[in-house]
Amino acid sequence: MASSLDPSSLVAFEDAAAGHDGILSDSTGDLFIKPCTPAEIAFYESSLASHPSFAALMPTFMGTLRLGSPDQTLAAQASTSGVTPGTAASLPLSDPGLSRGKKLDTQTAIVLENVAAGFSRPNIMDLKLGARLWDEDAPPEKRARLDKIAAETTSSSLGFRVAGMRVWQGAREGGQAKDAKGEGGDDGYKVYDKMYGRKFTADNVKEAFWEYLRSSRTGVDEGLAIGLIKGFRLAKRFHDDVSAIEECLEQQESRMISASILFVYEGDPTTRNQAWAAAQESPRFQPGAQAEVDSEVNFDRQGETDNHGSSDGDDDDDDDDDNASPKLSVTKMIDFAHAKWTPGLGPDENVLQGVRSIRKILLEIFIALFKQWKEQL
């Protein structure tokens, strides 16, 4: 099935924390249209056809788009894989002035659903996975450059680094928040470019996670204890999502050079409180399955609903209700330009190193928040 997009309805998508220039969106912001290579399209298609458990962790693939001249009609080839639009998908958001890669030399774009469109004030963190950051076809000079970046950052030591963040701070005087460089950012947002993440070491990278989650502990007319309990529950949601990614990757044979994990949560305190209330009232919740977490912390697990990434789409009958409710958090794996399925080669330990490091940090953070909450009782 094919449909047409009016060229005049497409606008520049200027909020990517990582990746390449040339990204577009429709006028509603619901679609993310990214120039891509045939290899990335093939990976989405093969994942949907043969790796459904991993496909559930990916952005929703809506199809491809042929990018012609401005006076040509842009025809979107809708996916025939049977994917139901409405499943969460996204790519990282950030300040439009941040440094990104050059525009890809291609006339083909991949069309994804933008998960951040469902949030009032999305807080975004993009974590680039892998100690090795180059594919087999990379020239020697590119390999050397990427190896140097890995050696000088947490990519080498932990298997991941912070690629970018965007955190809602609330509108300030003059209508702007300060970004990570002390410069004016988007209205109400503090933004962190790729250079922010390169300054960390294995000993202090946890500070970036605290910075990202900081606003999760602020609410509307609520005490410190309530803010803390919501903070550690959000950290646990992210921990459980990453645990699901780890479990899935351990059962797959793949190589995913420069893939990322994307975290999104509601940054607006009022909307976030509404999302918590909706989550606690939902008849559907995911209790979490990490025995190591249970041994460390014992608390009420209400709020583990399909609003978090690993449980989207559990019950199609409730889709309309889910779409009407505020979203609390989503976790997805993204960026598959250098990804492929590799039967016979075993799991991707290069990516799994980073996933395990991230899970461990999130575990430490939510336990710390839980202990702070206990001290307030």
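How many of the 377 residues of the protein chain, as a percentage, count as buried? The share is 51%. Buried means under 20% relative accessible area, exposed means over 50%, and partly exposed lies in between, with a 1.4 Å probe and protein chains only.

This is a predicted model, in which local features need pLDDT of at least 70, side-chain atom pairs count only at pLDDT 80 or more, and totals for chains, interfaces and linings use all residues. Residues are numbered from 1 along each chain as its sequence is written, and side-chain values use heavy atoms, with hydrogens and water left out.

## Overall picture

The protein chain holds eleven helices and 14 strands. Helices (H or I, at least four residues) and strands (E, at least two) are DSSP runs, numbered from the N terminus.

Contact means heavy atoms within 4.5 Å. Take the contacts between residues at least 6 apart in sequence: 76% of them join residues at least 24 apart.

## Helix 1 and its neighbours

Helix 1 covers residues 38–50 and has 13 residues. From first C-alpha to last it reaches 18 Å, close to the 18 Å expected at 1.5 Å a residue. The expected span is 1.5 Å times one less than the number of residues.

Which residues of helix 1 are buried? They are Glu40, Ile41, Phe43, Tyr44 and Ser47. These cover an arc of only 160° around the axis, which puts them on the same side of helix 1. The arc is that of the directions from the helix axis to the C-beta atoms. The face turned away from this buried side carries the exposed residues Pro38, Ala49 and Ser50.

The buried residues of helix 1 pack against several elements, among them strand 4 (31–35), strand 5 (61–66), strand 11 and strand 14.

## Paired strands

Two strands pair if DSSP finds at least two bridges between them. Strand 11 (residues 254–257) pairs with strand 14 in the antiparallel sense, over four bridges. Methionine 256 has alanine 339 of strand 14 as its bridge partner. Strand 14 spans residues 338–341. Its covered face holds Ala339 and Trp341. Its uncovered face holds His338 and Lys340.

Strand 9 (residues 160–168) has nine of its nine residues buried, so it is largely enclosed by the rest of the structure. Strand 9 pairs with strand 8 (residues 122–129) over six bridges, in the antiparallel sense. There, methionine 125 stands opposite methionine 165 of strand 9. Strand 9 is also joined by four bridges to strand 10 (residues 189–192), and these two run antiparallel. Valine 167 stands opposite lysine 190 in strand 10.

Helix 7 has 27 residues and reaches 39 Å from its first C-alpha to its last, close to the 39 Å expected at 1.5 Å a residue. Helix 7 is mostly covered, with 21 of its 27 residues buried.

Phenylalanine 238 is found in helix 7 (residues 224–250). This residue is buried, at a relative accessible area of 1%. What does phenylalanine 238 contact, leaving aside its neighbours within four places in sequence? Its contacts are Tyr212, Leu213, Phe263, Val264, Tyr265, Ser329, Val330, Thr331 and Leu362. Phenylalanine 366 is 128 residues from phenylalanine 238 in sequence, and 9.7 Å from it in space, C-alpha to C-alpha.

## Positive phi angles

Most residues other than glycine have a negative phi. Serine 258 has a positive phi of about 65° although it is not a glycine. Its place is the loop between strand 11 and strand 12 (260–266). Aspartate 335, also not a glycine, has a positive phi of about 70°. Aspartate 335 is found in the loop between strand 13 (329–334) and strand 14.

## Cysteines and accessibility

A disulfide is a covalent bond between the sulfur atoms of two cysteines. Here a disulfide is counted as a pair of cysteine sulfur atoms within 2.5 Å. The count by this rule is zero disulfides.

| Residue | Relative accessible area | Class |
|---|---|---|
| Cysteine 36 | 1% | buried |
| Cysteine 248 | 8% | buried |
| Serine 258 | 17% | buried |
| Aspartate 335 | 15% | buried |
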